[in-house]
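Below is a short report on the strands, helices and surface of one protein model. The sequence and structure come first.

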Amino acid sequence: MAPSDPVDQLAAQLESLQPKQEPKASLGWPHNAVARKAENAAAAARRSLGSASGSGVNTPALRSPPATKAGSTSDSGSEKEGGSERHKVLQALTYTQDLSGMALVEKPVPVPKPGEVLVRVLARPVNPSDIFACQGMFGATIKAPITPGTEGVGRVETDGIAFTKGQRVVGAPWPLYFGQGSWAQYCSVAEDVLVVVPDSISDAVAAQFFINPVSAFALLEKVKVGGVTGYMLLSAAGSTIGRLILQLAKAHKRHVIGVVRRASQRDELLALGASEIIATDEEDLVPKVMELTGGMGAEMAMDCVGGDFTGQMLRALRPGGTCYLFGALQSTDIQVGFYDLVGLEKRLESFNVWSWLATLTAEERRQKLKACMQLIVEGTLCPAEGTPYPLEDFKAALEDHRRPGRNSKVLLVG
(Lines give C-alpha, C1' and ligand atoms only; values in the text may rest on other atoms or scores of the structure.)
Protein backbone atom coordinates (compact mmCIF):
# COMPACT_ATOMS: atom_id res chain seq x y z
CA MET A 1 0.00 0.00 0.00
CA ALA A 2 1.39 3.42 -0.93
CA PRO A 3 2.03 5.78 2.01
CA SER A 4 -0.59 8.48 2.48
CA ASP A 5 1.45 11.06 4.36
CA PRO A 6 3.21 13.55 1.99
CA VAL A 7 6.51 13.36 3.89
CA ASP A 8 6.40 9.55 3.79
CA GLN A 9 5.62 9.73 0.07
CA LEU A 10 8.65 11.96 -0.44
CA ALA A 11 10.89 9.63 1.55
CA ALA A 12 9.65 6.59 -0.37
CA GLN A 13 10.19 8.35 -3.70
CA LEU A 14 13.70 9.43 -2.72
CA GLU A 15 14.64 5.93 -1.61
CA SER A 16 13.31 4.39 -4.81
CA LEU A 17 15.56 6.71 -6.81
CA GLN A 18 18.82 5.78 -5.09
CA PRO A 19 21.03 3.94 -7.60
CA LYS A 20 22.83 0.76 -6.63
CA GLN A 21 26.53 1.58 -6.65
CA GLU A 22 29.79 0.67 -5.05
CA PRO A 23 30.70 2.80 -1.99
CA LYS A 24 33.03 5.67 -2.71
CA ALA A 25 36.30 6.24 -0.93
CA SER A 26 36.35 8.84 1.82
CA LEU A 27 38.53 11.94 1.75
CA GLY A 28 39.49 11.32 5.35
CA TRP A 29 37.92 14.47 6.84
CA PRO A 30 35.73 13.31 8.29
CA HIS A 31 37.37 9.88 8.36
CA ASN A 32 35.72 6.85 6.76
CA ALA A 33 33.66 5.77 9.77
CA VAL A 34 32.35 9.28 10.35
CA ALA A 35 31.53 9.66 6.67
CA ARG A 36 29.51 6.45 6.72
CA LYS A 37 27.66 7.62 9.83
CA ALA A 38 26.96 10.98 8.24
CA GLU A 39 25.66 9.30 5.09
CA ASN A 40 23.38 7.06 7.16
CA ALA A 41 22.10 10.04 9.14
CA ALA A 42 21.45 12.00 5.95
CA ALA A 43 19.57 9.08 4.43
CA ALA A 44 17.38 8.83 7.50
CA ALA A 45 16.75 12.57 7.31
CA ARG A 46 14.78 12.06 4.09
CA ARG A 47 11.83 11.01 6.24
CA SER A 48 11.91 14.19 8.27
CA LEU A 49 12.05 16.97 5.69
CA GLY A 50 10.28 19.87 7.39
CA SER A 51 8.75 23.18 6.43
CA ALA A 52 10.74 26.06 4.97
CA SER A 53 8.80 28.61 6.98
CA GLY A 54 11.48 30.55 8.80
CA SER A 55 14.34 28.07 9.11
CA GLY A 56 14.12 24.44 8.13
CA VAL A 57 14.46 21.96 5.34
CA ASN A 58 12.01 22.55 2.55
CA THR A 59 9.19 20.10 1.71
CA PRO A 60 7.17 21.35 -1.26
CA ALA A 61 4.60 19.30 -3.12
CA LEU A 62 5.84 16.05 -4.64
CA ARG A 63 6.83 16.02 -8.25
CA SER A 64 8.88 13.88 -10.56
CA PRO A 65 12.66 14.46 -10.62
CA PRO A 66 14.21 16.17 -13.62
CA ALA A 67 15.26 13.84 -16.40
CA THR A 68 18.98 13.22 -16.77
CA LYS A 69 20.27 14.30 -20.16
CA ALA A 70 21.38 11.59 -22.52
CA GLY A 71 25.11 10.98 -22.43
CA SER A 72 25.58 12.18 -18.84
CA THR A 73 26.78 10.05 -15.95
CA SER A 74 24.93 9.49 -12.70
CA ASP A 75 27.74 9.79 -10.16
CA SER A 76 27.62 12.66 -7.67
CA GLY A 77 29.55 15.57 -9.09
CA SER A 78 29.62 13.96 -12.54
CA GLU A 79 30.28 16.05 -15.63
CA LYS A 80 28.54 16.44 -18.97
CA GLU A 81 30.33 14.36 -21.54
CA GLY A 82 31.30 16.73 -24.33
CA GLY A 83 29.11 19.50 -22.85
CA SER A 84 29.96 23.14 -23.54
CA GLU A 85 28.91 24.58 -20.15
CA ARG A 86 31.93 24.98 -17.90
CA HIS A 87 32.60 26.45 -14.49
CA LYS A 88 35.51 27.42 -12.26
CA VAL A 89 36.70 24.96 -9.62
CA LEU A 90 39.39 25.62 -6.99
CA GLN A 91 41.22 22.34 -6.45
CA ALA A 92 44.15 20.85 -4.59
CA LEU A 93 45.89 19.22 -7.55
CA THR A 94 48.43 17.72 -5.16
CA TYR A 95 48.62 17.57 -1.37
CA THR A 96 51.17 20.13 -0.17
CA GLN A 97 51.78 21.74 3.21
CA ASP A 98 52.31 25.20 1.70
CA LEU A 99 49.19 24.92 -0.52
CA SER A 100 51.30 25.36 -3.65
CA GLY A 101 49.26 22.55 -5.18
CA MET A 102 46.14 24.73 -5.33
CA ALA A 103 44.90 25.87 -8.74
CA LEU A 104 41.76 27.37 -10.28
CA VAL A 105 40.69 25.17 -13.18
CA GLU A 106 37.74 24.97 -15.54
CA LYS A 107 35.60 21.83 -15.68
CA PRO A 108 32.25 20.86 -17.20
CA VAL A 109 29.26 21.79 -15.04
CA PRO A 110 28.20 18.69 -13.04
CA VAL A 111 24.95 16.88 -13.79
CA PRO A 112 22.85 15.99 -10.73
CA LYS A 113 21.84 12.37 -10.33
CA PRO A 114 18.39 11.39 -9.00
CA GLY A 115 17.90 12.74 -5.48
CA GLU A 116 20.29 15.64 -6.09
CA VAL A 117 19.94 19.21 -7.33
CA LEU A 118 22.43 21.48 -9.04
CA VAL A 119 23.48 24.35 -6.78
CA ARG A 120 25.16 27.55 -7.94
CA VAL A 121 27.48 28.28 -5.02
CA LEU A 122 27.54 31.96 -4.09
CA ALA A 123 29.95 32.10 -1.14
CA ARG A 124 32.07 29.68 0.83
CA PRO A 125 34.30 30.36 3.84
CA VAL A 126 37.87 29.18 4.30
CA ASN A 127 37.96 26.91 7.36
CA PRO A 128 40.95 25.20 8.98
CA SER A 129 39.42 21.84 8.03
CA ASP A 130 39.55 22.94 4.37
CA ILE A 131 43.26 23.70 4.70
CA PHE A 132 43.90 20.36 6.41
CA ALA A 133 42.10 18.59 3.55
CA CYS A 134 44.27 20.37 0.96
CA GLN A 135 47.36 19.30 2.88
CA GLY A 136 46.25 15.66 3.09
CA MET A 137 46.58 15.83 6.86
CA PHE A 138 43.78 13.38 7.60
CA GLY A 139 45.23 10.43 5.73
CA ALA A 140 43.29 10.86 2.50
CA THR A 141 42.02 7.64 0.95
CA ILE A 142 41.39 9.17 -2.46
CA LYS A 143 44.02 10.69 -4.66
CA ALA A 144 44.27 14.36 -5.52
CA PRO A 145 42.92 16.39 -7.19
CA ILE A 146 40.16 17.14 -4.73
CA THR A 147 37.80 20.08 -4.43
CA PRO A 148 37.81 21.37 -0.82
CA GLY A 149 35.01 23.26 0.88
CA THR A 150 33.21 22.11 4.02
CA GLU A 151 30.32 24.56 3.72
CA GLY A 152 28.77 27.30 1.64
CA VAL A 153 25.57 28.95 0.48
CA GLY A 154 24.10 28.70 -2.98
CA ARG A 155 21.01 28.92 -5.13
CA VAL A 156 19.21 25.86 -6.50
CA GLU A 157 19.50 25.74 -10.30
CA THR A 158 17.44 22.63 -11.13
CA ASP A 159 14.09 21.47 -9.77
CA GLY A 160 14.35 18.37 -7.63
CA ILE A 161 11.87 16.45 -5.51
CA ALA A 162 12.00 18.63 -2.40
CA PHE A 163 13.59 21.81 -3.76
CA THR A 164 12.76 24.23 -6.56
CA LYS A 165 14.94 26.44 -8.71
CA GLY A 166 15.78 29.74 -7.05
CA GLN A 167 15.79 28.68 -3.40
CA ARG A 168 18.81 29.64 -1.32
CA VAL A 169 20.28 26.67 0.53
CA VAL A 170 23.19 25.54 2.68
CA GLY A 171 24.52 22.02 3.01
CA ALA A 172 24.61 20.37 6.43
CA PRO A 173 26.96 18.72 5.75
CA TRP A 174 28.48 19.50 2.36
CA PRO A 175 29.84 16.33 0.66
CA LEU A 176 33.54 17.18 1.14
CA TYR A 177 34.30 13.59 2.13
CA PHE A 178 33.97 12.56 -1.53
CA GLY A 179 36.41 15.28 -2.57
CA GLN A 180 33.56 17.37 -4.01
CA GLY A 181 33.40 20.39 -1.72
CA SER A 182 31.96 23.85 -2.13
CA TRP A 183 34.99 25.57 -3.67
CA ALA A 184 33.39 25.42 -7.11
CA GLN A 185 30.84 27.55 -8.90
CA TYR A 186 28.44 24.62 -9.34
CA CYS A 187 27.92 21.50 -7.25
CA SER A 188 25.52 18.58 -7.36
CA VAL A 189 24.25 18.09 -3.82
CA ALA A 190 21.91 15.51 -2.30
CA GLU A 191 18.61 17.10 -1.34
CA ASP A 192 18.56 15.35 2.03
CA VAL A 193 21.48 17.43 3.36
CA LEU A 194 20.19 20.83 2.20
CA VAL A 195 18.64 23.42 4.49
CA VAL A 196 16.64 26.42 3.24
CA VAL A 197 18.08 29.83 4.17
CA PRO A 198 15.59 32.42 5.49
CA ASP A 199 15.47 35.71 3.57
CA SER A 200 16.65 37.68 6.60
CA ILE A 201 20.08 35.99 6.59
CA SER A 202 22.74 37.32 4.22
CA ASP A 203 24.80 35.12 1.93
CA ALA A 204 27.95 35.91 3.90
CA VAL A 205 26.41 34.71 7.17
CA ALA A 206 24.54 31.75 5.67
CA ALA A 207 27.76 30.47 4.07
CA GLN A 208 29.15 29.94 7.59
CA PHE A 209 26.15 28.08 9.02
CA PHE A 210 27.50 24.56 9.39
CA ILE A 211 31.05 24.53 10.74
CA ASN A 212 30.94 27.25 13.42
CA PRO A 213 27.33 28.02 14.47
CA VAL A 214 26.28 24.36 14.46
CA SER A 215 29.49 23.34 16.25
CA ALA A 216 28.99 26.04 18.90
CA PHE A 217 25.38 24.91 19.32
CA ALA A 218 26.48 21.27 19.71
CA LEU A 219 29.24 22.06 22.20
CA LEU A 220 26.81 23.95 24.41
CA GLU A 221 24.48 20.95 24.14
CA LYS A 222 27.29 18.84 25.63
CA VAL A 223 27.50 21.31 28.51
CA LYS A 224 23.78 20.93 29.17
CA VAL A 225 23.77 17.15 28.91
CA GLY A 226 26.84 16.92 31.15
CA GLY A 227 25.22 19.07 33.83
CA VAL A 228 28.12 21.53 33.92
CA THR A 229 27.38 24.33 36.39
CA GLY A 230 30.87 25.66 37.19
CA TYR A 231 33.39 27.53 35.10
CA MET A 232 34.05 26.50 31.52
CA LEU A 233 37.42 27.29 29.94
CA LEU A 234 37.50 28.36 26.28
CA SER A 235 40.69 28.74 24.23
CA ALA A 236 40.90 31.10 21.25
CA ALA A 237 37.93 33.00 22.65
CA GLY A 238 38.45 35.76 20.09
CA SER A 239 38.20 33.40 17.11
CA THR A 240 35.05 33.11 15.01
CA ILE A 241 33.76 30.05 16.83
CA GLY A 242 34.98 31.36 20.18
CA ARG A 243 32.81 34.45 19.81
CA LEU A 244 29.78 32.33 18.91
CA ILE A 245 30.30 30.12 21.97
CA LEU A 246 30.47 33.24 24.15
CA GLN A 247 27.23 34.53 22.62
CA LEU A 248 25.44 31.26 23.38
CA ALA A 249 26.96 31.04 26.86
CA LYS A 250 25.64 34.50 27.64
CA ALA A 251 22.15 33.51 26.46
CA HIS A 252 22.27 30.40 28.68
CA LYS A 253 23.87 32.24 31.65
CA ARG A 254 26.96 30.04 31.63
CA HIS A 255 30.25 31.09 33.24
CA VAL A 256 33.06 31.07 30.69
CA ILE A 257 36.71 31.93 31.20
CA GLY A 258 37.95 32.97 27.79
CA VAL A 259 41.61 32.59 26.88
CA VAL A 260 43.24 34.92 24.32
CA ARG A 261 46.76 35.86 23.33
CA ARG A 262 46.31 39.65 23.53
CA ALA A 263 44.94 41.73 26.38
CA SER A 264 43.55 44.22 23.85
CA GLN A 265 40.65 41.81 23.22
CA ARG A 266 39.51 41.71 26.85
CA ASP A 267 36.78 44.39 26.93
CA GLU A 268 35.18 43.31 23.66
CA LEU A 269 34.95 39.65 24.71
CA LEU A 270 33.65 40.46 28.18
CA ALA A 271 30.84 42.40 26.49
CA LEU A 272 30.12 39.40 24.24
CA GLY A 273 29.52 37.12 27.20
CA ALA A 274 32.76 35.99 28.84
CA SER A 275 32.77 36.00 32.65
CA GLU A 276 36.56 36.41 32.75
CA ILE A 277 39.31 36.82 30.16
CA ILE A 278 42.85 35.53 30.57
CA ALA A 279 45.37 37.14 28.21
CA THR A 280 48.42 34.91 27.90
CA ASP A 281 50.62 37.87 26.89
CA GLU A 282 50.18 39.11 30.48
CA GLU A 283 49.23 36.10 32.62
CA ASP A 284 50.06 32.41 33.02
CA LEU A 285 47.03 30.29 32.22
CA VAL A 286 46.98 27.60 34.92
CA PRO A 287 47.74 29.80 37.99
CA LYS A 288 45.18 32.38 36.84
CA VAL A 289 42.45 29.75 36.38
CA MET A 290 43.17 28.40 39.86
CA GLU A 291 42.96 31.92 41.26
CA LEU A 292 39.61 32.57 39.58
CA THR A 293 38.12 29.24 40.67
CA GLY A 294 39.30 29.27 44.28
CA GLY A 295 41.92 26.60 43.62
CA MET A 296 39.40 24.12 42.22
CA GLY A 297 40.07 24.44 38.49
CA ALA A 298 37.56 24.73 35.68
CA GLU A 299 34.86 22.08 35.36
CA MET A 300 35.28 21.64 31.62
CA ALA A 301 37.29 23.09 28.75
CA MET A 302 36.84 23.59 25.01
CA ASP A 303 40.07 23.79 23.03
CA CYS A 304 40.64 24.53 19.35
CA VAL A 305 44.33 25.45 19.64
CA GLY A 306 45.95 22.04 20.05
CA GLY A 307 49.69 21.46 20.33
CA ASP A 308 51.11 21.81 23.83
CA PHE A 309 48.38 24.31 24.69
CA THR A 310 45.90 21.42 25.03
CA GLY A 311 48.06 20.14 27.88
CA GLN A 312 47.81 23.52 29.61
CA MET A 313 44.03 23.51 29.22
CA LEU A 314 43.91 20.03 30.76
CA ARG A 315 46.09 21.10 33.72
CA ALA A 316 43.68 23.97 34.41
CA LEU A 317 40.78 21.54 34.97
CA ARG A 318 39.64 20.13 38.29
CA PRO A 319 40.15 16.36 38.83
CA GLY A 320 37.67 14.44 36.68
CA GLY A 321 37.09 17.38 34.33
CA THR A 322 36.74 17.02 30.58
CA CYS A 323 38.48 18.92 27.79
CA TYR A 324 36.79 18.81 24.37
CA LEU A 325 39.31 19.15 21.55
CA PHE A 326 37.70 20.46 18.36
CA GLY A 327 40.51 22.19 16.47
CA ALA A 328 44.24 22.59 16.03
CA LEU A 329 45.00 26.23 15.23
CA GLN A 330 48.51 25.88 16.70
CA SER A 331 49.45 22.29 15.91
CA THR A 332 47.94 18.85 15.29
CA ASP A 333 50.70 17.36 17.48
CA ILE A 334 48.75 17.24 20.77
CA GLN A 335 50.80 17.10 23.98
CA VAL A 336 49.16 16.28 27.32
CA GLY A 337 50.38 15.17 30.72
CA PHE A 338 50.20 11.52 31.79
CA TYR A 339 49.35 12.39 35.41
CA ASP A 340 46.44 14.63 34.37
CA LEU A 341 44.85 11.77 32.43
CA VAL A 342 45.70 8.83 34.68
CA GLY A 343 46.38 10.24 38.12
CA LEU A 344 43.68 12.92 38.19
CA GLU A 345 41.30 11.10 35.82
CA LYS A 346 40.78 14.09 33.58
CA ARG A 347 39.39 13.29 30.16
CA LEU A 348 40.37 14.51 26.71
CA GLU A 349 37.58 13.97 24.18
CA SER A 350 37.51 14.85 20.51
CA PHE A 351 34.59 16.66 18.91
CA ASN A 352 33.63 17.27 15.31
CA VAL A 353 30.28 18.32 13.99
CA TRP A 354 29.99 15.41 11.54
CA SER A 355 30.21 12.83 14.31
CA TRP A 356 27.73 14.78 16.41
CA LEU A 357 25.21 14.83 13.56
CA ALA A 358 25.65 11.09 13.08
CA THR A 359 24.53 10.44 16.67
CA LEU A 360 21.15 12.10 16.05
CA THR A 361 17.97 10.60 14.76
CA ALA A 362 16.50 12.15 11.62
CA GLU A 363 13.95 14.10 13.64
CA GLU A 364 16.55 15.28 16.16
CA ARG A 365 18.79 16.43 13.31
CA ARG A 366 15.96 18.39 11.70
CA GLN A 367 14.94 20.04 14.97
CA LYS A 368 18.47 20.99 16.03
CA LEU A 369 19.44 22.47 12.67
CA LYS A 370 16.18 24.39 12.67
CA ALA A 371 16.85 25.66 16.21
CA CYS A 372 20.38 26.73 15.28
CA MET A 373 19.16 28.59 12.20
CA GLN A 374 16.52 30.32 14.33
CA LEU A 375 19.21 31.52 16.75
CA ILE A 376 20.83 33.33 13.81
CA VAL A 377 17.49 34.76 12.67
CA GLU A 378 16.71 36.18 16.11
CA GLY A 379 20.25 37.52 16.65
CA THR A 380 21.37 35.28 19.50
CA LEU A 381 24.11 33.94 17.23
CA CYS A 382 25.75 36.66 15.13
CA PRO A 383 28.51 35.42 12.81
CA ALA A 384 30.58 38.26 11.38
CA GLU A 385 30.05 39.00 7.69
CA GLY A 386 33.66 38.13 6.83
CA THR A 387 36.04 39.38 4.14
CA PRO A 388 35.14 38.44 0.55
CA TYR A 389 37.63 37.48 -2.14
CA PRO A 390 36.81 36.42 -5.72
CA LEU A 391 37.70 32.82 -6.51
CA GLU A 392 40.36 34.16 -8.86
CA ASP A 393 42.11 35.81 -5.88
CA PHE A 394 42.33 32.58 -3.90
CA LYS A 395 46.05 33.04 -3.14
CA ALA A 396 45.38 36.36 -1.41
CA ALA A 397 42.40 34.81 0.40
CA LEU A 398 44.46 31.89 1.71
CA GLU A 399 47.19 34.27 2.83
CA ASP A 400 44.63 36.41 4.67
CA HIS A 401 43.24 33.27 6.32
CA ARG A 402 46.70 32.61 7.82
CA ARG A 403 46.93 36.11 9.30
CA PRO A 404 47.11 35.99 13.12
CA GLY A 405 44.32 37.71 15.04
CA ARG A 406 41.55 37.29 12.51
CA ASN A 407 38.13 37.39 14.21
CA SER A 408 36.01 36.74 11.11
CA LYS A 409 36.05 34.39 8.14
CA VAL A 410 37.65 34.80 4.76
CA LEU A 411 35.02 34.14 2.08
CA LEU A 412 35.54 32.95 -1.48
CA VAL A 413 32.79 34.43 -3.65
CA GLY A 414 31.72 34.23 -7.27
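Ala 298 has Leu 317 of strand E12 as its bridge partner. The two strands involved, E11 (residues 298-303) and E12 (residues 317-325), run parallel and are joined by five bridges. The model is a predicted one.

E11 and E12 belong to an open sheet of six strands with parallel pairing, ordered E10-E9-E8-E11-E12-E13. Strand E10 (276-279) and strand E13 (347-350) are at the edges with a single partner strand each, so one side of each has no neighbour in the sheet. On average, and ignoring direction, neighbouring strands here are turned by 20° against each other.

| Helix | Strands touched or crossed | Angle |
|---|---|---|
| H6 (residues 240-251) | E8, E9, E11 | about 155° with E8 |

Strand E5 (residues 168-171) pairs elsewhere. E5 runs antiparallel to strand E4 (residues 153-156), with three bridges between them, and also pairs in the antiparallel sense with strand E7 (residues 194-196) over three bridges. Val 170 of E5 stands opposite Val 153 and has Val 195 in E7 as a bridge partner.

Are the two faces of E5 covered or uncovered? Both are covered: Arg 168 and Val 170 on one side, and Val 169 and Gly 171 on the other, are all buried. In a regular strand, side chains alternate between the two faces of the sheet.

Conventions: Residues are numbered from 1 along each chain as its sequence is written. This is a predicted model: local features need pLDDT of at least 70, side-chain atom pairs count only at pLDDT 80 or more; totals for chains, interfaces and linings use all residues. Side-chain values use heavy atoms; hydrogens and water are left out. Buried means under 20% relative accessible area, exposed over 50%, partly exposed in between (1.4 Å probe, protein chains only). Helices (H or I, at least four residues) and strands (E, at least two) are DSSP runs, numbered from the N terminus. Two strands pair if DSSP finds at least two bridges between them. Axes are lines fitted to C-alpha atoms, for helices over the stretch in contact, and angles run from 0 to 180 degrees between N-to-C directions. Contact means heavy atoms within 4.5 Å.
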